[in-house]
Amino acid sequence: MSVHTQAQTYQNYIGGEWRPSASNQVEASINPANRHEVVGYVQKSSAEDLNQAVEAARSAQTAWRKLSGPARGEYLYRLADVLERHLDDIAATMTREMGKTLPEAKGETARGVAILRYYAGEGMRKIGDVIPSTDSEGLMFTSRVPLGVVGVITPWNFPVAIPIWKIAPAIVYGNTVVFKPAQETAVTAAKLMECVDEAGLPPGVVNMVTGAGSVIGQGIVDHPGIAAVTFTGSDQVGKQVGLGALARGAKYQLEMGGKNPVIVAADADLDLAVEATVSGGLRSTGQKCTATSRVIVQSAVYDVFKQKLLERVAALKVGDGLAPDTWMGPCASERQMQTVLGYIQKGLEEGAVLLCGGKRVTAPGLEHGFYVEPTVFENVTPDMTIAREEIFGPVLALIKVDTLQEALQVANDSRFGLSASIFTRDIGNMLAFIRDMDAGMVRINAESAGVELQAPFGGMKQSSSHSREQGQAAIEFFTAIKTVFVKG
Ligand SMILES: NC(=O)C1=CN([C@@H]2O[C@H](COP(=O)(O)OP(=O)(O)OC[C@H]3O[C@@H](n4cnc5c(N)ncnc54)[C@H](OP(=O)(O)O)[C@@H]3O)[C@@H](O)[C@H]2O)C=CC1
Ligand SMILES: O=C(O)CCC(=O)C(=O)O
């Protein structure tokens with residue numbers, strides 16, 4: 001039985017108007033805490049809808065780029081205020097649509113507000129440099145210009161923060177946007193567009209088209225009217241996006257997976273390390289690209305650390321993210337839950353030892369949701385699948401090592417290099433980690449997740465396309481540099 005009497009239908013947002021898809025087909029977005037609850041219906045759009053959105057974005061671009069940076073920034077301040085007013089509703093929608101706990105969803109929405117204000121301020125900052133010319137009568141300088149229409153393709157795990165950290169810099173630097181959210185969180189995305197509408201952004205500056213990744217996402221990648229594509233999501237799709245964009249000469253930026261290690265050195269504050277491992281690995285049900293997944297512990301403290309970790313994990317309350325006492329919600333979808341359970345099974349088959357968890361939670365009240373127990377394995381070796389692939393679920397893999405050198409070697413033995421932590425009190429260990437750890441974010445005595453909006457964010461190796469998002473780094477992707485020489 002489905003509970004959908006109150007479920008609203010959400011339309012595409014194109015050229016400042018709400019429009020049904022050309023196909024007139026909709027899809028239910030369901031609550032992962034209870035598969036029978038429909039959160040809303042979203043459009044299953046076609047290439048025709050995408051074409052309309054690209055046209056709207058192209059039409060809006062000339063007037064938008066002609067506004068001054070501070071004037072564009074003013075729109076972002078307005079949008080921030082509107083989002084802040086709707087924070088509670090948007091956060092609750094996010095929890096119902098993808099399962100993270102309400103405090104996490106509120107925190108993420110507040111982060112969206114802060115990102116908008118940060119980039120509103122960017123509208124006032126410099127967009128070029130004066131460079132001495134060899135010609136004493138010449139003036140040489142750089143100026144940054146927008147790219148045109150930017151395609152924004154986002155995942156479901158941060159359905160407010162990730163779209164905002166792409167859309168805000170895109171528009172403040174004078175681009176217009178065609179946004180394709182993950183279908184799993186398209187209701188939350190539509191509520192974000194309601195804020196765009198209420199804030200009075202000029203029609204066409206931000207457009208949203210929902211639908212299948214293979215149709216709308218791929219359509220953005222291939223569309224000749226889109227100058228650049230920014231993507232966050234899986235490793236596999238990301239590489240496809242990059243190849244497609246490269247083939248037609250579009251600019252692209254990819255943020256993909258992680259297999260983030262934490263090293264617990266023999267001199268670590270073990271209580272702090274346990275807390276950070278649990279928070280970094282299991283909050284948001286492990287569904288963060290920055291989530292801790294490999295826990296590399298020096299043998300001298302292994303048993304004590306393990307004991308403390310298991311006690312802490314046993315105390316975690318799994319449940320509906322809207323319930324006030326829930327610490328960890330469900331996986332975002334049935335497919336994600338099956339993926340996680342598949343990796344757990346693989347871990348068992350390859351000889352890892354299950355210390356706790358490992359099963360779907362079907363306790364009364366949770367049986368209709370996509371819950372997986374917080375899971376800890378030990379005797380994990382670096383060649384096992386659960387030590388190599390991104391699981392994106394509440395699974396921690398303990399790896400015992402003797403020395404810090406070995407720990408670093410294991411930590412670097414991955415095709416990913418997004419975030420990494422170490423717990424130690426020794427300055428030599430810290431410096432070795434900062435120097436030798438191949439990750440875009442290295443964190444000392446702090447969990448691997450939880451990035452700050454004013455700092456560059458991105459990974460090394462196959463975690464990203466080697467660019468950085470957020471902070472002032474965003475200007476690199478969302479603008480092109482013009483070098484100007486003037487002589488009177
Ligand atoms: N680095 C990160 O932050 C994230 C990593 N992941 C990893 O990816 C795994 C799978 O998650 P999943 O949601 O399937 O991730 P995807 O990479 O499939 O989805 C990310 C976005 O890309 C879209 N998309 C799908 N196919 C294409 C395509 N051919 N061209 C362009 N865009 C496309 C999706 O649309 P649609 O949703 O409509 O399919 C979604 O908007 C997870 O288990 C996790 O390991 C997932 C999310 C975030
Ligand atoms: O750790 C964070 O706060 C951000 C994580 C992230 O960007 C992601 O999971 O995609």
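On a 1 Å grid over the protein atoms alone, a pocket is an open set of points where a 1.4 Å probe fits, with protein on both sides within 12 Å along at least five of seven lines, and a molecule sits in a pocket if more than half of its atoms lie within 2 Å of its grid points. This is a predicted model, in which local features need pLDDT of at least 70 and side-chain atom pairs count only at pLDDT 80 or more, while totals for chains, interfaces and linings use all residues. Residues are numbered from 1 along each chain as its sequence is written, chains are lettered from A and ligands numbered from 1 in the order in which they are written, and side-chain values use heavy atoms, with hydrogens and water left out.

**View 1. Ligand 2 and its shell.** The space taken by ligand 2 is the second largest pocket. The residues around ligand 2, each with a heavy atom within 4 Å of it, include Arg111, Phe158, Trp165, Thr290 and Gly450. Oxygen atoms of ligand 2 make polar contacts (pairs of N or O atoms within 3.5 Å): 2.5 Å to a side-chain N or O atom of Thr290, and 2.8 Å to a polar backbone atom of Gly450. The protein covers 99% of the 290 Å² of accessible area that ligand 2 has on its own, an area that comes from the Shrake-Rupley method with a 1.4 Å probe.

**View 2. Ligand 1 in the largest pocket.** The largest pocket is the space taken by ligand 1, which has 27 residues around it, the closest being Thr154, Trp156, Ser234, Met256 and Arg335. A polar side-chain atom of Ser234 lies 2.6 Å from an oxygen atom of ligand 1, and a backbone N or O atom of Met256 lies 2.6 Å from a nitrogen atom of this ligand. Of the 860 Å² of accessible area that ligand 1 has on its own, the protein covers 88%.

**View 3. Glu122 in helix H4.** Glu122 belongs to helix H4, residues 102–122, helices being DSSP runs (H or I) of at least four residues. The residue is buried, with a relative accessible area of 6%, where buried means under 20%. Its side chain is joined to that of Arg125 by a polar contact of 2.6 Å.

**View 4. Ile131 in a loop.** Ile131 lies in the loop between H4 and strand S6 (138–146), a strand being a DSSP run (E) of at least two residues. With a relative accessible area of 34%, Ile131 is partly exposed, a class that lies between buried and exposed (over 50%). The C-alpha atoms of Ile131 and Ile226 are separated by 32 Å, and the two residues are 95 residues apart along the chain.

Terms used. Polar contact = N/O pair within 3.5 Å; in protein donor to acceptor, adjacent residues only side chain to side chain. 1 Å grid on protein atoms, 1.4 Å probe; cavity = no way out; pocket = protein on both sides within 12 Å on 5 of 7 lines; lining within 4 Å. Buried < 20%, exposed > 50% of the residue type's maximum accessible area, 1.4 Å probe, protein only.
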